[in-house]
Amino acid sequence: MKNFIVIIACFLSMSVGAQTPATPQTKSILLVGAKAHLGNGKVIPNAAIGFRNGKIDMVLSSIDIRMDSTKYDEVINCKGKHIYPGFIAPNSRLGLVEIGAVRATSDQREVGQFKPHVRSLIAFNTESRITSTVRTNGVLMAEVAPVGGVITGTSSIFNLDGWNWEDAVLKEDNGIHINWPRIRTSMDTDKKKDVEWKERYSKSVAEIKEFFTEANAYNKGEYHLEKNIRFEAMKPVFSKKKKVFIHADRVQEITDAVYFFDAYDFELVLVGGYDAWLLADLLKDRSIPVILRRVHELPMNQDDDVDLPYKMPKILTDKGILVSLENSGSMEAMGTRNLPFYAGTAAAYGVDKEAALAMITLNTAKILGIDALVGSIEEGKYATLFISEGDALDMRGNQVSLAFIQGKQIELTNSQKELYQKYSKKYESE
Amino acid sequence: MPKILFFLALLCSLGAFSQSWKPVNGIKDSKNHYTAISNATIYVKNGQVLQNATLLIRRDKIAAVGTALKLPENTIEIDAKGKFIYPAFIDLHTQYGIVPLKVANRSRSQQPQLESKKESIFYWNEAVKPEMKAADIVSPKKNDAEKFRKMGFGTVLTHQHDGILRGTSSLVALNEGDDFKLLQAESAAHYSFNKGSSKQTYPSSLMGVIALIRQVHFDEKWYAENKQVTQYNRSLEAIGETQKLPKIFETYGTLSQLRADKIGDEFGFQFILKGDGTEYERIQDIKTTNAALIVPITFPKPYDVSDPFTTLQLPLAFMKAWELAPQNLRYLSNAEIEFAITSDGLKTEKEFYTNLRTAIDQGLTRTAAIKGLTETPAKLIGASEMIGTLEKGKLANFVIYSDTVFQEKTKLHATWVNGIQHAYEPMSFFAYAGNYSLNINKETQFDLTLIGKGSAMKGKIAKKNDKEKVEAKVVLENNRINLSFTMDEKLFRLSGSVSDSKSRIWSGKILIDGVWKDWAAIKKTSASDEKDSLKSDSTSTKKDDVKGKVFYPNMAFGWEDSLPIQYENLLFRNATVWTNEAEGILRNHDVFVVDGKIKMVGYKINMEVMFPKMGNNFREIDATSLHLTSGIIDEHSHIAIQQGVNEFGQAVTAEVSISDVVNSDDINIYRQLSGGVTTSQLLHGSANPIGGQSALIKLRWGQSPEKMKVEGADGFIKFALGENVKQSNWGDFNTVRFPQSRMGVEQVYYDAFVRAREYQADWTLHNAKGKREKAKSFAPRFDLELDVLSQILDTQRFVTCHSYIQSEINMLMHLADSMDFRINTFTHILEGYKVADKLKAHGAAGSTFSDWWAYKFEVNDAIPYNGAMMHQQGVLTGFNSDDAEMGRRLNQEAAKAVKYGGVSEVEAWKFVTLNPAKMLHLGDRIGSIKEGKDADLVLWTDNPLSIYAKVVTTYIDGIAYYDAERDAELRKKVQTERERLVVKMLNEKKAGKPTQPIKKEKKVLYECDTLE
């Protein structure tokens, strides 16, 4: 505990500037006494969690087992607190955009329609001021995906700490993202427009078909007279090394996309999925998980139940779909810090609390294909976890006091806390 | 004696006719004969129907009408036996003979046009053109009138449908060419909420339009009184000239009608309202306007709901509108609202008749329909002396139908306009259908059967007493007939005409083997011929047709039939009560509510002792394990606003007001109730340094806008600073409106308040003058904008200012200090923590976001600790939404004051309740649970700051406007109502009726920066 206080005091005195990335774990650490929410649905009320060299090597209940704490260089007493696996934000824009309205700070969108070759990896800004305000709420990892066009680009998954993108990346080029074309619905009674939109939709779908057919043909051949980097970037998709994230919300769009991809053996993930609850069987038959659109959102249709977005996680879970939560939409990067509360709302609207937690931890890790590394507090996984003073899914309890990424203790200051301290001093001195 | 008078009257009316100043080419062609249309059923006027009567006309007027009229010798008689004659219809909303102007659409890639391009003798705004006269521009082309005449119209009121003040209309008789005639050059003055072809930026919003209408009338009043000293203005002059005319306001939807009427009330006008056919939505409110209406009979087509999934996007509101539209006239009629019917929006005469028939099927009486097409429109424009009935002396404008009007089989024979006949279906006074005996050359005998009507007549023929019939081709034209058939491989072609006065005998010639021979046919029996009597004016509603009820508002989650206006006395037992008073949070306490007010907060209130007279006149609610709080108050909201949250046409728009454009039918009202919000300040956007006035509403879902407003609340106005007002993010073309920098922003304020000061001084000086002196001098011009700014200087109106950066916040406080007023609230104020001490010293409150930042450059230093820091420095602090979604989770936002900065839960809760109440000067009425305050209460399942808390019930004035249990029922209701209507629409489709594609709700989610 003393140690802990010292650490906190240390942070409070930090000077203004970007947070210095943590150094690799040298000392082994044991966290004792906290209520551990493992992310896999299990809770250990009085846990002992040890990790060394960045990996968890002990997950036990300190009631059941008399343990030898001398095996660890440092023992931190966390009595009365909560331990969580680091939260994961899928489909995020962290590190790609700094100030929404300032064009120069945006690196999220590239020109063109089919851009699997465009990678978020190399644009990820580890100096982002936003990132450091997100991890202080427990979000320690993010899948960062480009936007715009049909195939928006290739995403990568990052730890939210590091000197540069090479340093921060957890999984390189994990998948491509496809904005399935939208069928627009008229807001006027213009029949002609309606037909026009339907035609445009069919045309866009035909373009996707053509792209995949050609990419497939290209990648079946070994040698190419002329290289096509666009199609090259699709190679890992055909070899299942990259997942395919389909962004779609409405019934017909989801259905068309799913049936279209039946022709390929891809690892599919549905992103968005407002109408997914109407198509549960279709998705379940193919084991397609859903990264569900923002929970704190207004219903899309006027007549929808007023709390439909709130209870969507429950509906989908009950139908046997693997659900993860995300935060794309307006103010998406800075709002990522509210991801824990979406899980809280899912719990308020019927999902078991630990299952709700999984929607931002283990489920997400599974869906992104990183569950062997992170997503839950289990032996052998990275020690990417944090301690909160209270229930981290509730604003009332979410106070992150200690956080580790791969065993590295990260700084929990950020530019906002620094301004807070700076101006607090102004008033103290008065 | 009566005969003499009759002729004298005729002579008098002739006088006017002889006065023609047009030279004649050739000889004068005077027509002095009479025309009598006899033996008809004549609908003289409402309540007077003559059977077997004669209409006598001469030239363009009705000379007499009646039974057993003695006809003058020079009368041409037309037999109209069995026919029905009605006054010709009158349409008050047309653009007949006028070229419509196109609505201007400014693209973002054009520089805005800030000023009028018209000459300075016109009003400064291009959308204000009262000087426009239909009489000057109406010029019908050939056939323009035909569409109207085929619907039965004889006269129309026409004006150019363009602009806000549109000028005057003319009453035109529907004859073309030499017979074209204006019956009234200026009949009515026309208004609308649409700026039309004007490309000027102002007004960009509905509230701007409303403010402009007001200012024009103030200006006109001043102009009229000060003509000697001011420049001639054609537009204002025109308003004065047409002051006495009826005023017609084109509106869209019931809320728009209530708005128009309210403007009228302010200036002492009673507008006639041109509606859009949705008046049933709030028929009682429409009734109380006392306005007469001009309503269209355009009904939406059923939606194509064959795809159940796409249908999910179709709101119940649209389905209900489809079902209820044909019932609109019945609603109006039952509510005894005076209405005229217009053909506006109809493309064909078929649509006109079909839709009227549908309306009649849905319960409108035929009499009411006729009245709405004849007497009412005539009366509304003061033309009853000329048109609308078939009384003697009126214009010979009438229609002849084959039967009672508005029946499926009824055909229009002719429309007479000003005594000129336009014939459509021949008035064959004989029902041709029947069995004939036909002979050719008096030798060969045939049996001929004619069935059908008019041009659709079909024939069958057989040799006499032979059963084998063959088809006969029949062509009937007027009284001529062509008949052809093949029998025994021989083609017979007969032609002939009616050859007796009773139209029972045909005779003619036939060419057989090169020889012309005679043929003749005699009718033996007629086809049965029933006619509805005009008197049997029954409401023939189909019984199996469920009509559907109007919801309030008429959409999903609306109240069915009636509103919950009944107060209920409530006793909450054993709740955890967040008082927001010195007592803090009281566990296991009771709260008693009487007549919508909090009566008592106490521990185990003994009703018999404390309120012996109350008896059982209250409902007890077990609130064990529940939390009871006062309702959430959103200091900064943009829900429930119609047609524009920003009037961005100018930098200073103090004259506009959100309270003019409150939209009571926004689903977000209901959604926010479900999140415990009871009161919202609906703010103008942040496009201008000085924006518009706000509206303070309680979320009384279902009520009309006026009934939502907080009674007797202080007036507020929105100011704004920073990137929005300097148009930093409006695109590269928006670089001409002043200001473009923070430096300019200060000067805009300075200039505005200096002008307001001078304005005040002018009025003070004027008001100090004695009566006599006043009469001699000229009063200053009343200026809405400066008047509102003066209210700020007089602390009669209070400022909520959108702000981010400390420098500009500081600036505005200095400016206010220098002008001796106070900024009431800084909203957003994300750098408030940097100047909390200054805010405190100035006495400004801070209404901020919990954790927004990084969306613009000016919020780069925003921190979530802002609320806590301002609060700790003694600034009255609140959290607001500025966002329809976040508005329903403000309880969670309050919790972020605990999370970021460690504010206590009791104080954090006040961030969204008591503190905003105080900012809105309503701290003594709402915001806490205290005896005497409004019973705006929320019952929660949990600590309201918790993410796990859900609303059980939201009360406003003690009335449950949202209740979780009731909501569950409403969801079912929405589903059953949708299913019922889907089936109904599918049936329409099956029956081959044309459909329209699914359309979804036009989502209007305003934020500060929304430019629309």
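This is a predicted model: local features need pLDDT of at least 70, side-chain atom pairs count only at pLDDT 80 or more; totals for chains, interfaces and linings use all residues.
I'll start with the contact between the chains. Chain A puts 44 residues into it, and chain B puts in 53 residues. On the chain A side, the elements that give two or more residues are helix 4 (191–220), helix 7 (251–261), helix 10 (332–335), helix 11 (339–348) and helix 14 (415–429). What is that side made of, by class? The side of chain A that touches chain B has 21 nonpolar, 13 polar and 10 charged residues.

Staying with chain A, next the sheet. There is an open sheet of 8 strands in chain A, with mixed pairing, and the strand order is 6-7-8-9-10-11-12-13. Which strands stand at the edges? They are strand 6 (87–92) and strand 13 (323–325) of chain A; each has a single partner strand, so one side of each has no neighbour in the sheet. On average, neighbouring strands of this sheet are turned by 30° against each other, ignoring direction.

Strand 10 (residues 243–248) and strand 11 (residues 268–272) of chain A pair in the parallel sense, over 5 bridges. Take A248(A): its bridge partner in strand 11 of chain A is G272(A).

Now chain B. The domain assignment gives domain 1 (89–104 + 111–304 + 320–365), domain 2 (434–526), domain 3 (562–631 + 927–957), domain 4 (633–720) and domain 5 (742–924). I'll take domains 3 and 5 of chain B, whose centres, over C-alpha atoms, are separated by 32 Å. In their contact, 12 residues of domain 3 of chain B meet 16 residues of domain 5 of chain B. The domain 3 side of that contact has 6 nonpolar and 6 polar residues, and no charged ones.

Last, a helix pair in chain B. Two packed helices are described by the angle between their axes and the distance between the axes. For helix 9 (residues 316–324) and helix 26 (residues 964–990) of chain B, the angle is about 50° and the axes are 10 Å apart. Because of that angle, helix 9 of chain B counts as oblique to helix 26 of chain B. The crossing of these two helices of chain B is left-handed.

Which residues make the contact? From helix 9 of chain B, L316(B), M319(B) and E323(B); from helix 26 of chain B, V974(B), E977(B), R978(B), L981(B) and K984(B). By class, the residues of this helix contact in chain B are 4 nonpolar and 4 charged, with no polar ones.

Note on methods. Residues are numbered from 1 along each chain as its sequence is written. Chains are lettered from A and ligands numbered from 1 in the order in which they are written. Two residues are in contact if their C-beta atoms, placed from the backbone, lie within 7 Å. Helices (H or I, at least four residues) and strands (E, at least two) are DSSP runs, numbered from the N terminus. Ala, Val, Leu, Ile, Met, Phe, Trp, Tyr, Cys and Pro count as nonpolar, Asp, Glu, Lys and Arg as charged, and the others, Gly among them, as polar. Domain bounds come from an automatic or database domain assignment. Axes are lines fitted to C-alpha atoms, for helices over the stretch in contact, and angles run from 0 to 180 degrees between N-to-C directions. Angles under 35 degrees count as roughly parallel, over 145 as roughly antiparallel, 65 to 115 as roughly perpendicular and the rest as oblique. A crossing is left-handed if the near helix is turned anticlockwise from the far one by less than a right angle, and right-handed if clockwise. Two strands pair if DSSP finds at least two bridges between them.
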